[in-house]
Amino acid sequence: MARYYDVHPDNPQPRAIGQVVDLVRGGGLIAYPTDSCYALGCQLGNQDGLDRIRQIRQLDERHHFTLVCRDFAQLGQFVKVSNSVFRLVKASTPGSYTFILPATREVPRRMLHPRKRTVGVRVPDHTVTQALLAELGEPLVSSTLILPGEEEPMTQGWEIKERLDHLVDAVLDAGECGKEPTTVIDLSEDEPEILRRGAGDTARFE
């Protein structure tokens, strides 16, 4: 059964955040809120966690996992950012965007797109997510919590607990955080390509 943590969206209890981070460091898989919707997350290098996310969401090997980073400086450790891309990404973080970029050697190979060697990265604008990332000290490997056959992500922590009780190790509930996933922008080529229109404004990429 998944542990359930009900935290304040603007002032999350440090003890609860610490316990969730301990679970992540111990190889656990969590469901947690972001500035766009709920997501599944595990520690970088947690192969079992990646496999569990793939199973829950029924994903193939071409799926771009996302490294959810605390800030732009941390993001820069895991992806290669040219000068032009730097300006675009810096102007859009934190926010509801996922950027597809060439990965550095810091990213485990199993996380990469098999052909392009790219990975998704984002910096969320959400107090609870930021508290998690600050305590963890490294990015969370994440994927939007959209279940197979459903078009919209799950938005209620209690419902996630009910439906995924035996599939995740913890649910961090900070109330409803919206059901529009991030806007996904591929910046790995010469011109930006909008792969998914979501919560983030796409004007600067068009």
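Where does Arg 117 lie? Arg 117 is found in the loop between β5 and β6. Helices (H or I, at least four residues) and strands (E, at least two) are DSSP runs, numbered from the N terminus. The model is predicted: local features need pLDDT of at least 70, side-chain atom pairs count only at pLDDT 80 or more, and totals for chains, interfaces and linings use all residues. Residues are numbered from 1 along each chain as its sequence is written, and side-chain values use heavy atoms, with hydrogens and water left out.

Phi of Arg 117 is near 60°, a positive value in a residue other than glycine. Arg 117 is partly exposed, with a relative accessible area of 38%. Here, buried means under 20% relative accessible area, exposed over 50%, and partly exposed in between (1.4 Å probe, protein chains only). Gln 58 also has a positive phi, near 55°. Gln 58 sits in the loop between α2 and β4 and is exposed, at a relative accessible area of 63%. A cis peptide bond joins Thr 93 and Pro 94, with omega about -5°. Pro 94 belongs to the loop between α4 and β5. Most residues other than glycine have a negative phi, and most peptide bonds are trans.

UniProt, in an unreviewed entry, lists residues 14–200 as "domain: YrdC-like". UniProt positions are given in the numbering used here, feature names are shortened, and annotations may be inferred rather than shown by experiment. The span is 28% helix and 21% strand, and its end C-alpha atoms lie 29 Å apart.

The largest nonpolar core has 42 residues. Such a core is a set of buried Ala, Val, Leu, Ile, Met, Phe, Trp, Tyr and Cys residues joined through side-chain atoms within 4.5 Å. Leu 40, Leu 67, Phe 99, Met 111, Val 119 and Leu 145 have the most contacts inside this core. At least two of its residues come from each of β3 (39–43), α2 (47–57), α3 (72–75), α4 (83–91), β5 (97–102) and β6 (118–122). Another core, of 20 residues, lies apart from it and includes Ile 17, Leu 23, Leu 133 and Ala 174.

Contacts (heavy atoms within 4.5 Å) were listed without residues up to four places away in sequence. On this basis, Leu 67 touches residues including Phe 78, Met 111, Val 119 and Leu 140. Leu 50 lies in helix α2 and is buried, at 5% relative accessibility. Beyond four places in sequence, Leu 50 contacts Cys 42, Phe 65, Met 111 and Val 141. Leu 50 and Leu 40 are 10 residues apart in sequence and 9.7 Å apart in space, C-alpha to C-alpha.

The largest pocket has a volume of about 380 Å³. On a 1 Å grid over the protein atoms alone, a pocket is an open set of points where a 1.4 Å probe fits, with protein on both sides within 12 Å along at least five of seven lines; lining residues have an atom within 4 Å of a point. Grid points are joined across faces, edges and corners, and the volume is the space filled by probe spheres set on the points. The lining has 21 residues, and His 64, Thr 66, Thr 144, Val 184 and Arg 196 lie nearest the pocket centre. β4 (66–68), β5, β7 (140–144) and β10 (193–196) each supply at least two lining residues. β7 gives the most, with 3 residues.
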